[in-house]
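The sequence and structure come first.

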Amino acid sequence: MPKDSGIGAATRRREDARFLLGSGRYSDDIVLLNQTYAVFARSEVANGIIKTINTSEAEKMPGVIAVFTGDDFVDVGGNPAGWLINSRDGEPMKEPKRPVLAHGKVRHVGDAYAAVIAETEQQARDAAEKINADIMELPAIIDMTSALSGSNYVHDEIETNQCFDWGWIEDNREATDNAIKNAHHVTTLELTNNRLVPNAMEPRCSIADYNAANDDYTLYTTSQNPHLTRLLISAFVLGIPENKLTVVSPDVGGGFGSKIYHYGEEALVLAAAKRIKRPVRWTASRSESFMTDAHGRDHVTKIELALDKDNNFLAFRTETMANVGAYLSNFSTVTPTILHGTLMAGNYSVPNIYVNVKAVFTNTAPVDAYRGAGRPEATYSLERVIDKAALELNLDPIALRRQNFIKSDQFPYVTAAGLNYDVGDYDAIMDRLEHHADIKGFAERKKISEKQGKLRGFGVNSYIEACGIAPSNLIGTLGARVGLYDAATIRVNATGNISVMVGAHSHGQGHETAFPQIVADMLGVDPNNVEIVHGDTSKIPFGMGTYGSRSLAVCGSAIVRGIEKIIAKGKKIAAHMMESTEDNVDFEDGVFSVRGTNKTVSFGDVALKAYIPHNFPIEDIEPGLEETAFYDPQNFTYPAGAYACEVEVDPNTGKVSIERFAAADDFGNIINPMIVEGQVHGGLAQGIGQALLEGCVYNDDGQLISGSYMDYTMPRAADLPSFVVDHTVQTPSTDNPLGVKGCGEAGAIGSPPTVVNAVINALRSAGHDITHIDMPLTPARVWAAMNN
Amino acid sequence: MYNFEFKQPKTISEALNALKSDEAEALAGGQTLIPTMKQRLASPATLVSLSKISEMRGICKNDDGSISIGGGTTHADVAANSNIFPGLVTLAENIGDPAVRNRGTIGGSLANNDPAACYPAAALSAGATIVTDSREISADDFFQGMFETALEESEIILSVRFPVPSLSSYQKFVQPASRFAMVGVFLSKFENETRVAITGASEEGVFRWKEAERALNEDFSEGSITDFVLEPSGMIGDIHASKEYRAHLVKVMTKRAVKSAS
């Protein structure tokens, strides 16, 4: 039975009222007294030597207060990569400095080399145009293959464009090679995972406020993880003591990964605010977002699948070139490796896996985690090569997948790629999918399409992902430079209502609704009496923010642990109030009772007693009712799912339309099914966007051709079908107290191969000998494939 | 955007006067000029808005049966007018989004002559007459290549006079990102002739596909152009479509225009 509040209830999102009424408070809404404006001078060339920068004319322009160049930051640190990856030979990755402002060289179009601070944005912009930079353009390094073979380097000091050459798992390499050499059948596929621009609705914005009286700073910024931003600025870049820097991320209008990272603009406004002793603000234009937000994906991969004569999978072997752009963004080294290579078993029982990833510097914007982060790339390679194998061997793609699924009685299952899948039931998921997909009805629908002159195709996939990256001690051995726990403080106020300060950050995920459902359920209080506080380092405990579908599994678990402490302390107080002992006190539905008696006290009475401790066991416990818990999970969680899609292709134009789409996911236990459904819908829209519409294009000179919405195609409502979403298969995670898994990225991970598989199926059914088309499957590309 | 002076005349003569000042530019619906100015790619010293000139707005039927559309008439107004023939209604109601249609004007679109804009195809196909403050220009003479027209500096389009075809259709294959025409085909069938104008496809801007016109004059059917091959050279090739694909789409969309003409 669906509940109407607490865990499992489809409670409407309370935050939506302010978002929909335009009363949200975003960074750019913040206005500070005496504020000034920063505008950046950005490189128009992809690669060039900065010979001189003359700022004298700009400095004389009206309203100009200060001008900064890279020279102002030579003595501060670089923005680091958060993860150290070693090459196969044990060499550490190449890690060239990423400065606040470009110094010596500009390395991509949009690379900032100077900044003007002025009284108005207009004045700052006028002055930025008067900065006279003599930049000697060099040939751009764009194509990854040429970057690896050439002698023209993005970073001259490292004398290579290869960041690392990573093998996973190196000890499995030989066995995998042998399995492929001796296999009955090997299917090979070369593919590109197209580069994407994140396009959060709210552009990045950073405002710095320096208080000279206390020598402290406040940074308002569009961040998915304010504590991590503070740590990076304090420990690596500017050296501001952590206790002198508050980072506030108020309402944030979408991130999709691009706002995980610390960017140079944040450091610039902080340094400028201190120098001029006034607040300094900057908001990206949409053009700046296109040029400088960390992009996503951009892999070129060759994958091989080896099968025995009975169609059992023997081995997956992949060679990938991963573009990291001009500088290492914070998660850029973990995304194509740990978040990609470890997932190369998919949902399958396969004894041999070897993954080789070469990360390549190019004169393009940095590339980093974007919704799914490594897992979409892994899933796409696997699910495309499996479909191609089914074609080559004339097998039913669903039957081939089912045959090789890890079976429900095999969990926990350690894959050849090193992960320990705790629980799952992939056949049950596929059962649900086949039910919704109405496969029997496909032939009839295909006939109807054909009567209308359209080709119709059916595509399917299955996916596994790993969420809530953990545990800290394991990832430490894999190169992580941070821990990946999270934290929550439960503050029960004297009047019984509750403030929960969390390390996770909500920028569309609905935490303000879902987290109170947990608290309300555990404490037996009205969820409306629970307030979530996030996004302010001066208010919340040190948490790691929101990305990788981790908030519920990790921060939600910290909330559970915190509430358990609250209940334990409440029992002590209640025992005193009822003249009993705490081990005789039960707590249920908001009431403390002495077992075997009719004595009770309410949760609210206990809260009041904690803050007005006139008659209180002060010798045993402290007054107040506030607890903090840090939670470091023991394992990833492993959401899994299977998706099906039917497309129509217009053979005259190559235009693809999605006619049906069904998604069956196992997210473990579900706190709010409505929010889960919304997250899946959003993920599907992004994945379908990648499959059919979105493609970031640099030309050979390194100019960003798709630098605006005139040339970069975002998915629109009319591009999408009505989704059927099913999450009735629920195998609760065994590694967190809520049994939850995470749902934020699933849709974006599972949908691209589903769509491409369906289009290939449609084209082949019309006699076209096509086994692969690279995304996005625009009408032009599909038509070109049909017409060679 | 750079600073500029803004003028909002109420009459055509005031507008013409205002446009005489140095570096003055006329502003119609602003759907191209304003974004260009925001990117600092255009910087007129004076912007003369035509939007308050009531004599430039509106749609009327002339005695000879033709239709006159004021240069300042918005796409939304054209789409909603019952006097307009079917192809032109379809065209107007599929330009951009509601915000664009409520601001953008037919005069602005024709004067700008974007190679992917929709209106040039309608004007050229229907053999419209562009009426300016100083003369009348036939559509065949008006369009002179990408962003080039017969308009003189400071000349304003007051209205556009459309002969009404007995059958018409506009078939647009959208560029996926911008939703401009990747290929747009406007077909107008009159008693004596059929005219086919193509937008979005050519490096020379809007053009008449005369080979198709001749064939359709002989035999107004899809089949009459099935065997035509349009030469890809001269077509636009970009990240959205190759020259070959655009040439192919011209034929596909022309056939659809023939089939759907009403």
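In chain A, strand 9 (residues 205–211) and strand 12 run antiparallel and are joined by four bridges. Strands here are DSSP runs (E, at least two residues), helices are runs of H or I with at least four residues, and both are numbered from the N terminus. Two strands pair if DSSP finds at least two bridges between them. Strand 12 (residues 280–283) of chain A also pairs with strand 1 (residues 36–42) of chain A, in the parallel sense, over two bridges.

The table gives one bridge for each pairing.

| Residue | Bridge partner in strand 12 of chain A |
|---|---|
| I207(A) | R281(A) |
| T36(A) | V280(A) |

The model is predicted: local features need pLDDT of at least 70 and side-chain atom pairs count only at pLDDT 80 or more, while totals for chains, interfaces and linings use all residues. Residues are numbered from 1 along each chain as its sequence is written, and chains are lettered from A and ligands numbered from 1 in the order in which they are written.

Chain B is divided into domain 1 (5–49), domain 2 (55–162) and domain 3 (167–260), with bounds from an automatic or database domain assignment. Taken over C-alpha atoms, the centres of domain 2 and domain 3 of chain B are 19 Å apart. Their contact takes 23 residues from domain 2 of chain B and 23 residues from domain 3 of chain B; residues are in contact if their C-beta atoms, placed from the backbone, lie within 7 Å. On the domain 2 side of chain B that touches domain 3 of chain B, helix 7 of chain B gives the largest share, six residues.

Conventions:
Two residues are in contact if their C-beta atoms, placed from the backbone, lie within 7 Å.
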